[in-house]
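Open the model in your viewer and keep the sequence panel beside it. The stops below run from the whole chain down to single residues.

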Amino acid sequence: MIPRDKRQAPQRDLLETYLEDILNTRHELVQMGKRIDWSACEQHFGQLYAVQAGRPGLPIRLHVGLQLLKHMYALSDRDVLDRWVENPYWQHFCGEVIFQHRLPMDETTMMRFRHRIGENGACELLKMSIALGQDTGVIAPESLKVAVIDTTVMPKAIAYPSDARLAGRCHR
């Protein structure tokens with residue numbers, strides 16, 4: 001089923017911690033979250049979900065936000081989820097309204113989303129992040145003219161078993 005984001009405008013609860021009350025609105029993730037066209041993400045990736053089959057999926061903004069955070073901070077799936085629970089800025093970036101104390105999903109769900117979007121979806125996320133960088137002035141247009149690729153080969157300190165070394169171990 002197409003994921004519906006039901007996290008918008010809940011009735012205020014006295015005992016809940018609302019992210020908009022505790023966050024600095026000038027933080028880079030808050031600003032970036034405002035500039036990303038989340039509805040375009042939902043339109044693009046929402047087509048990959050079945051309309052009438054299965055349980056409703058998690059919100060696409062959550063999936064896309066976690067993938068962007070994972071690559072921005074060079075983390076594994078497990079690490080990005082662990083940090084998401086600790087960081088209210090990450091939760092706000094992914095569309096949460098109330099501070100959450102539990103993991104939103106497990107790492108296999110993140111992996112399944114990457115498989116679902118495939119290479120074309122990854123290219124779409126890359127295009128979106130490059131366009132955002134150009135719009136904010138973080139990426140200069142001149143820097144996209146040349147691609148620098150480093151293919152330095154680093155030798156590994158691996159001792160391959162040889163006949164002499166194996167015979168020495170047997171002798172010992």
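The tour starts with the overall fold and then moves through selected residues.

**Before selecting anything**

This is a predicted model, in which local features need pLDDT of at least 70 and side-chain atom pairs count only at pLDDT 80 or more, while totals for chains, interfaces and linings use all residues. Residues are numbered from 1 along each chain as its sequence is written, and side-chain values use heavy atoms, with hydrogens and water left out.

**Stop 1: the whole chain**

Show the protein chain as a cartoon: there are eight helices and zero strands. Helices (H or I, at least four residues) and strands (E, at least two) are DSSP runs, numbered from the N terminus. Read along the sequence, the pattern is α-α-α-α-α-α-α-α. The radius of gyration of the protein chain is 22 Å, well over the 16 Å that the globule rule gives for 172 residues, so the chain is more spread out than a compact globule. That radius is taken over C-alpha atoms, and the globule rule is 2.2 Å times the number of residues to the power 0.38. Along the principal axes, the C-alpha atoms fill a box of roughly 75 × 45 × 40 Å.

Now switch to a surface. The protein chain exposes about 12,300 Å², of which carbon and sulfur atoms supply 54%; accessible areas come from the Shrake-Rupley method with a 1.4 Å probe, and for residues only the protein chains shown count as cover. Of the 172 residues, 31% are buried. Buried means under 20% relative accessible area, exposed over 50%, and partly exposed in between (1.4 Å probe, protein chains only).

How far apart are the mean positions of the 22 positive and 21 negative charges? They are 4 Å apart. Lys and Arg count as positive and Asp and Glu as negative, while His and the chain ends are not counted; each charge is placed at NZ of Lys, CZ of Arg, CG of Asp or CD of Glu.

Contact means heavy atoms within 4.5 Å. Among contacts in the protein chain with a separation of 6 or more, 68% are between residues 24 or more positions apart.

**Stop 2: the annotated region**

Select residues 19–116, which an unreviewed UniProt entry annotates as "domain: Transposase InsH N-terminal". UniProt positions are given in the numbering used here, feature names are shortened, and annotations may be inferred rather than shown by experiment. Over residues 19–116 the chain is 61% helix and 0% strand, with the end C-alpha atoms 30 Å apart.

**Stop 3**

Select Leu66, in helix 4. Leu66 is buried, at a relative accessible area of 0%. Which residues does Leu66 contact, leaving aside neighbours within four places in sequence? They are Val80, Leu81, Trp84, Cys94, Pro104, Met105 and Met110.

Move on to Ala74, in the loop between helix 4 (60–72) and helix 5 (77–86). Ala74 is exposed, at 69% relative accessibility. Its phi is near 55°, a positive value in a residue other than glycine. Most residues other than glycine have a negative phi.

**Stop 4: along helix 7**

Select helix 7 (residues 107–136), which holds Thr109. Thr109 counts as buried at 16% relative accessibility, and Leu58 and His63 are its contacts once neighbours within four places in sequence are left aside.

Stay in helix 7 and pick Met128. Met128 is buried, with a relative accessible area of 18%. Not counting residues up to four places away in sequence, Met128 touches Ile36, Cys41, Val64 and Leu68.

**Stop 5**

Go to Leu144, in the loop between helix 7 and helix 8. Leu144 is partly exposed, with a relative accessible area of 43%. Leaving aside neighbours within four places in sequence, Leu144 is in contact with Ile130, Gln134 and Ile139. The C-alpha atoms of Leu144 and Ile130 are separated by 9.4 Å, and the two residues are 14 apart along the chain.

Finish at Val148, in the loop between helix 7 and helix 8 (163–171). Is Val148 buried or exposed? Val148 is exposed, at a relative accessible area of 78%. Val148 and Phe45 are 103 residues apart in sequence and 30 Å apart in space, C-alpha to C-alpha.
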